[in-house]
Amino acid sequence: MLGFLRNIGSTGTGVPRHQWPWVRACLQKTVVVLWLLLSSTSLAPTQGQTKIPLETVKLWADTFGRDLYNTITKYSGSLLLQKKYKDVEPSLKIKEVDGLELVRKFSEDMENMLRRKVEAVKSLVEAAEEADLKHEFNASLVFDYYNSVLINEKDEKGNFVELGAEFILESNAHFSNLRVNTSVSSVQLPTNVYNKDPDILNGVYMSEALNPVFVENFQRDPTLTWQYFGSSTGFFRIYPGIKWTPDENGVIAFDCRNSGWYIQAATSPKDIVILVDVSGSMKGLRMAIAKHTITTILDTLGENDFVNIIAYNDYVHYIEPCFKGILVQADRDNREHFKQLVDELVVKGVGVVDQALSEAFEILKQFQEAGRGSLCNQAIMLITDGAVEDYEPVFEKYNWPDCKVRVFTYLIGREVSSADRLKWIACNNKGYYTQISTLADAQENVMEYLHVLSRPMVINHDHDIIWTEAYMDSKLFASKTQSSMLLTTVAMPVFSKKNETRSHGILLGVVGSDVTLRELMKLAPRYKLGVHGYAFLNTNNGYILSHPDLRPLYREGKKLKPKPNYNSVDLSEVEWEDQAEVLRTAMINRETGSFSMDVKAPLDKGKRVLFLTNDYFFTDISDTPFSLGVVLSRGHGERILLGNTSVEEGLHDLLHPDLTVASDWIYCITDIDPDHRKLSQLEAMIRFLTGEDPDLECDEELVREVLFDAVVTAPMEAYWTALALNISEESEQGVDLAFLGTRAGLLRSSLFVGSEKVSNRKFLTPEDEASIFTMDNFPLWYRQASEQPPGSFVFNLRWADGPEDTGEPVSVTVSTAVAVTVEEKTAIAAAVGIQMKVEFLQRQFWAATQQCNTEDGQCPQSCEDSDLDCFVIDNNGFILISERLQETGRFLGEVDGALVTQLLSMGAFSRVTMYDYQAMCKPPDHHHSSAQPLVSPISAFLTATRWLVKELLLFLLEWSAWGSWHNTGADAKTVFHHSHKHKKQDLLHPCDTEYPVFVHQTAIQETNGVIACGTCQKMFVMQQIPSSNLLLLVTDPTCDCSAFPPVLQEATEVKYITSVKCDRMRSQKPRRRPDSCHAFHPEENAQDCGGASDISASFLLLLLPLGTCMLLP
């Protein structure tokens, strides 16, 4: 067989040569596994092989288990806590949760909250339109305003700079502890917008009328966060006022008109085909500008839009061949994919535009007829340097006389000979013509198409309310770091109501207000959802808005960064066991109902898994594009324990210094009244119960449960205190602390050692999020304990800095659940446990293995013997105890692949395949072919020279463009998006991965066997350690089985073959379109369709394209 493997490369097997290494590896692995399985059945030990007595291993396991049980019950007080809950069982009630009633209640509360935000935005729209109606444009207006960048800035003489008057700023907890002014707004402008332009000054002056409305809105609804007005001219008025900090280059890049909330509110959904000329005349700088123009257009699209890009010269080709003949949703994934492909475009041949136009019209026609795409606006974006011919017959065939497809034309470069033809195309197809001469022109010129598409809505005065997908705030410009908090924004367009401009459909801007999804999800209280339950939100497109398993950030080095596709994670990628997408389809269609599914819930960052049956309940949130889902795990997860006690008794027990409650949960509302914001949840609860603050609004049901739990668990403090006092200082201490948590979020803990001696000080603190109650999850130790058999303890290794830390584990947590049964219904009331040092657990084990059954007390064998290897592993195969300390915390398969493979084949362990559709992977290594010819020195020199001249020319272009701005009196520099420069490629990219989790099958509590390893045989014994999730494994280390490959718990990227990958990219999941569409209006002035730019070109700028064309390939 081995000879066959060596010679397979020379046989006529029909296997392609490039697949031989893969085939050889697969066959080798198969042979090894078969060899292992066939040779490991009932083999007698060979001469001299160590025999492992089964009864001795069982004695060791039982002794160790008994010692652990005694230690844990003693220090945790678990038996006392179980007794206390047992004593009050007659006064308890267990209520079955009605999931549909719960999800409807949550939805109604969310609807009411979001309606208040809409009312605030409507009042801003009315105020802005009324102010514009009364305002007369004044070209010579002089007006000072609070410029967000310049406020509080002084010159060298100590005087405030112009537009930089004194502006009082105070830290405010409601606004992420940023320094703000809640009395007035401030105005931000991008660096490339002149702050004294007459259009800007008139717009800022007019929008001063919004200041009292901002303040009034905030007073009426103190839960409001940022309110703002984004002007179509580029300025951004934000309340509360804030100082804006430029980036390290002194640039303010944020332009509100590029924001998703602005674009979605300004236009209806759209289908767009971008046609880009890649003929030879587009060489050099023109191509760089064209690429930047396409990127800018892509940035104006959102998940309700559809797009494709076609490049043309002598023939037509789709830049993504997989998307031939279709439109794809313009979500973040597809937009970024298109940008990469655009960056790779090369020029050659002659431009023939009629074929490209025909192809674009065909796509739009087919999608419209098939009821696909946006079913609203349709447009073609033609990007060319002007070499267009034979286009009129195409329009006659496809678009005239109705002009249902708008055509926007972008003339690239300073050549104007084709300007009339391109303007004619735009004006005769209800589009707009612009000329883009430099990189700096792209932003403003691309924005013109949005104004055209907004005309029908503006003329009709249709104030559609839009809600955005989840996104991370980039407006928190003042803080040096971007907020990682997910938001949604409600926005509405602001129109000019002046009769004289009605047919022009003038969009003044967009007003909006942010809603943090964290605040919204607080309306689905965690305590009502059980140990494993949760609530989630998704959009009309099926994308996750909020979900406990949504992971929007990834770590790159020491920094946390947003994933490129963080806000386009589909519900089916999180609830991936729903293969038929029944849940997703129902929620997309705004249905109210329920659905059940067996799930594998990952725990401990994917190292472990729980097998649950979940019941899903769902409904829509009226007047929004969102749907709400509530998940309850069947069994104890759908039962609520109800107790009762007096306020006086409960208050007394709440005041213990070692008692805390979940800081993320809402026991009392403390974030509205400024006087309440300084209160912790526990302090607020106490003031509410004592009547000290009658204005506090609290969740009375939750407060009642906390009081009850405080009374029942109060004896634990006295028990732990007495135990700590009785611990001899001389004795070697190994248990750090005891702790308990209840389903009402109450947490008690007690130290048995000085705080400086605690092995893991982050445990039960916000730094170790997995160990505390959060909005998303119960603590890990609580969740694991709830699925253990009654009276059984679950052990878990913990690292000082979390599982990512490469150091050794520092502590072991042990916990067990406390269950209460009333009328044959069981609910989990609490979990209790201890934290111990790893060394203490190991000492107890080595002591237990000194036990034996011999009458003289002399043990013939011990785990410390060189011919025995002993491991204590948990039910997921992670090593807690090994003779080699460096193996602690590792997966057993890494250390002994043969043993794990045998345990899997015997059914003692099972391998569970899990999937992660939010993973980040390293890109594959790109190796150049060894057959590539050597590059000659002359060729290399010319290549380097060509690159240097290209960079110089591009620099001169930008320098010259800046000079032209400066010469016209503008004080601002131009912001350039360097799309022509090679961006540093991210080390990681989004991908799909699969990974194994290994789970002990509890039905097999003991087993043994022999593994044949070449010339020797390796015996092993596995024994369950009683009352725990631990297993004792004893093996013979004298037989070398290192020839067997390790069994790893590693994630591997799912590689899709080309056809499957293309099918996945082309597939479009069901979605619900927005309710409104504004495509055309009969009063629209279609002749307002742009004109040639009147910018004089410097001699240098005129020479640059010529020079670059000569030098660039």
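This is a predicted model: local features need pLDDT of at least 70, side-chain atom pairs count only at pLDDT 80 or more; totals for chains, interfaces and linings use all residues.
A residue counts as buried under 20% relative accessible area, as exposed over 50%, and as partly exposed in between. At 40% relative accessibility, glutamate 96 therefore counts as partly exposed.

**Overall composition**

The protein has 1113 residues, of which 55% are buried. Its secondary structure comes to 27 helices and 40 strands. Among contacts with a separation of 6 or more, 73% are accounted for by residues 24 or more positions apart. The protein exposes about 49,100 Å², and carbon and sulfur atoms supply 52% of that area.

**Salt bridges**

The count of salt bridges comes to 44. One of them joins the side chains of glutamate 96 and arginine 639, with an N to O distance of 3.3 Å. This pair links distant parts of the chain: glutamate 96 belongs to strand E1 (residues 93-96) and arginine 639 to strand E26 (residues 639-642), 543 residues apart. Arginine 639 has a relative accessible area of 24% and is therefore partly exposed, as is glutamate 96 at 40%.

Aspartate 255 and arginine 257 form another salt bridge, in which the closest N and O atoms are 2.8 Å apart. Are these two residues buried or exposed? Both aspartate 255 and arginine 257 are buried.

A further salt bridge is formed by glutamate 894 and arginine 890, with the closest N and O atoms 3.3 Å apart. Glutamate 894 is partly exposed, with a relative accessible area of 35%, and arginine 890 is partly exposed as well, with 31%.

| Glutamate 96 | Arginine 639 | 3.3 Å |

**Aromatic pairs and charges over rings**

A pair of aromatic rings is described by the distance of the centres and the angle of the planes. A search of the whole structure finds 43 aromatic pairs. In one of these, the ring centres of tyrosine 69 and phenylalanine 793 are 5.9 Å apart and the planes stand at 70 degrees, so the pair is edge-to-face. Tyrosine 69 lies in helix H3 (residues 54-76), whereas phenylalanine 793 lies in the loop between helix H21 (780-786) and strand E30 (794-798); the pair links distant parts of the chain, 724 residues apart. Tyrosine 69 is partly exposed, with a relative accessible area of 29%, whereas phenylalanine 793 is buried, with 3%.

The rings of phenylalanine 595 and tyrosine 616 have centres 6.1 Å apart and planes at 45 degrees, so this pair is tilted. Phenylalanine 595 is in strand E23 (residues 593-603) and tyrosine 616 in strand E24 (residues 608-620), 21 residues apart. Both phenylalanine 595 and tyrosine 616 are buried.

One aromatic cluster is formed by Trp665, Tyr667, Phe739, Phe763, Phe773, Phe778, Trp781 and Tyr782.

Charged groups also sit over aromatic rings. The charged end of lysine 154 sits over the ring of phenylalanine 160, 5.0 Å from its centre. The charged end of lysine 607 is placed over the ring of phenylalanine 878, 4.8 Å from its centre.

**Strand pairing**

An open sheet of 3 strands has the order E35-E36-E40, with antiparallel pairing. Strand E35 (909-921) and strand E40 (1052-1053) stand at the edges with a single partner strand each, so one side of each is left without a neighbour in the sheet. Strand E36 (residues 989-1000) pairs with E40 in the antiparallel sense over 2 bridges. Threonine 993 has glutamate 1053 in E40 as its bridge partner.

Strand E37 (residues 1006-1013) pairs with strand E38 (residues 1016-1024). The pairing is antiparallel and extends over 8 bridges. Within it, glutamate 1006 stands opposite glutamine 1023 in E38. E37 and E38 form a hairpin with 2 residues between them, and glycine 1014 in the turn has a positive phi of about 70 degrees. Of the 8 residues of E37, 6 are buried, so the strand is largely enclosed by the rest of the structure.

Conventions. Residues are numbered from 1 along each chain as its sequence is written. Side-chain values use heavy atoms; hydrogens and water are left out. Buried means under 20% relative accessible area, exposed over 50%, partly exposed in between (1.4 Å probe, protein chains only). Helices (H or I, at least four residues) and strands (E, at least two) are DSSP runs, numbered from the N terminus. Two strands pair if DSSP finds at least two bridges between them. A salt bridge is a side-chain nitrogen of Lys or Arg within 4 Å of a carboxyl oxygen of Asp or Glu. Contact means heavy atoms within 4.5 Å. Accessible areas come from the Shrake-Rupley method with a 1.4 Å probe; for residues, only the protein chains shown count as cover. Rings of Phe, Tyr and Trp (its six-membered ring) pair if their centres lie within 6.5 Å; planes under 30 degrees apart count as stacked, over 60 as edge-to-face and the rest as tilted. A charge sits over a ring if NZ of Lys or CZ of Arg is within 6 Å of the ring centre and within 35 degrees of the ring normal.
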